[in-house]
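User: Please take a close look at the charged side chains in this model. I would like one connected account, with the cut-offs spelled out.

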Amino acid sequence: MLKSIFFGTPEFAIPTLNALADLTDLKLVVTQEDKRKGRGKKLLSTPVKERAEELNIPVYQPSNINTPESLQRLREEDADLFIVVAYGQILKKELLEIPKRYIMNVHSSLLPRHRGAAPMQWAILAGDKETGVSFMQIEEGLDSGPVYDTRSIEVGDKNFGEIHDTLAEMGADLLKCFIEDMGRGDIVLREQNDSLATYAPKIDDDLLTIDPENLKAEEALRKIRAFSPEPGAHLVMQGERLKLYDAEISEENLAPGEFKSTKKKLYIGMKEGSVSIKELQRPGKKRMAVGSYLAGAHLPERGEL
């Protein structure tokens, strides 16, 4: 049986971790260090660490995976296969040369489109008709290695959470196919066309802001979906920062930054067109339908944000 090591950190990596544990002799799980979060600064394990402990697989959490000590720890397992899914550290050349056969990565885009840290979000922001997952060999460049295979889905009106969950399972399916082909000696990797590459940088707070003066209605809708349910696009309404989960295009004729409210509807004018907010969250409150928000917000029928 193949000996393997898994590298990953968030929830997205767990389906592939489960598949690797089923199909190989999984020797070690490498994940990021525990972090303190929340008001109480409680030390929290990564989702991958929690799952690895449930599977009784040893966990390794170095602050830097590329140190001589870390590399020696990896060499000790004499692994055939390294699998990486959203690990969160750059893997340098010396590490890439350790596995006896392959080091492969599940990347959540149709490469070479959206190389980088936030491909699912940028696929929605860009208005892509489809997105997907690529199972690729890691090399020193950023998500530039040859691709074994891809799986795709239509973006449609899906939000980040829906795409995330679907692609996580697709990544695990690609791993299963890859291991089957390894057994047959039938691995074919195709080089990426670098001239078609686009990049998906990390999400910052400025990108999460809905600015009606500078966004068309369709762009605002994409932004809401790209960051729903987390980290959440936001809008300042009457001095209160609202986190937006869902919306739709509206036919209301409103100026940029103007709003119209009824008992159950909240419309907001954009640079072009308007949107109807469907679900949101007030600071310190739970996620709610817009009707529940309007019942307590006491907004005028029309006004400026």
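Analyst: Asp25 has a relative accessible area of 28%, so Asp25 is partly exposed (buried is under 20%, exposed over 50%, partly exposed in between, with a 1.4 Å probe and protein chains only). Its partner is Lys27: the two side chains meet in a salt bridge, 3.1 Å from N to O (a Lys or Arg side-chain nitrogen within 4 Å of an Asp or Glu carboxyl oxygen). Lys27 is likewise partly exposed, with a relative accessible area of 28%.

The model is predicted, with local features needing pLDDT of at least 70 and side-chain atom pairs pLDDT 80 or more, while totals for chains, interfaces and linings use all residues. Residues are numbered from 1 along each chain as its sequence is written, and side-chain values use heavy atoms, without hydrogens or water.

The structure holds 23 salt bridges. Some form a network: Lys3, Asp78, Asp80 and Lys100 are linked in this way.

Now the later part of the chain. Glu240 and Arg282 join their side chains in a salt bridge, 3.0 Å from N to O. This pair links distant parts of the chain, 42 residues apart. Glu240 sits in strand 13 (residues 240–250), and Arg282 in the loop between strand 16 (274–281) and strand 17 (287–289) (helices, H or I of at least four residues, and strands, E of at least two, are DSSP runs numbered from the N terminus). Glu240 counts as partly exposed, because its relative accessibility is 21%. Arg282 is also partly exposed, with a relative accessible area of 22%.

A salt bridge also forms between Glu248 and Lys278, whose closest N and O atoms are 4.0 Å apart. Glu248 belongs to strand 13 and Lys278 to strand 16, so this pair ties together parts 30 residues apart in sequence. Glu248 is partly exposed at 31% relative accessibility. Lys278 is partly exposed too, with a relative accessible area of 37%.

These two pairs bear on one annotated region. UniProt, in an unreviewed entry, lists "domain: Formyl transferase C-terminal" at residues 214–297 (positions follow the numbering used here, names are shortened, and annotations may be inferred rather than shown by experiment). Over residues 214–297 the chain is 21% helix and 42% strand. The end C-alpha atoms of that stretch are 26 Å apart.

Glu11, Glu50, Glu53, Asp157, Glu162, Asp165 and Glu169 make up a patch of negative charge on the surface (residues with over 30% relative accessible area and no salt bridge, like charges joined within 9 Å). Helix 2 (47–54) and helix 6 (160–184) each supply at least two of the patch residues. Helix 6 gives the most, with three. Glu162 is placed in helix 6. Glu162 is partly exposed, with a relative accessible area of 43%.

The other record entry spans residues 6–156: UniProt's unreviewed "domain: Formyl transferase N-terminal". Over residues 6–156 the chain is 25% helix and 30% strand, with end C-alpha atoms 32 Å apart.

Gly145 lies in the loop between strand 9 (130–137) and strand 10 (147–154). Gly145 has a relative accessible area of 0%, so Gly145 is buried.

Definitions and conventions: Patches are made of residues with over 30% relative accessible area and no salt bridge: like charges are joined within 9 Å, nonpolar side chains (Val, Leu, Ile, Met, Phe, Trp, Tyr) within 5 Å. Accessible areas come from the Shrake-Rupley method with a 1.4 Å probe; for residues, only the protein chains shown count as cover. Lys and Arg count as positive and Asp and Glu as negative; His and the chain ends are not counted. The place of a charge is taken as NZ of Lys, CZ of Arg, CG of Asp or CD of Glu.
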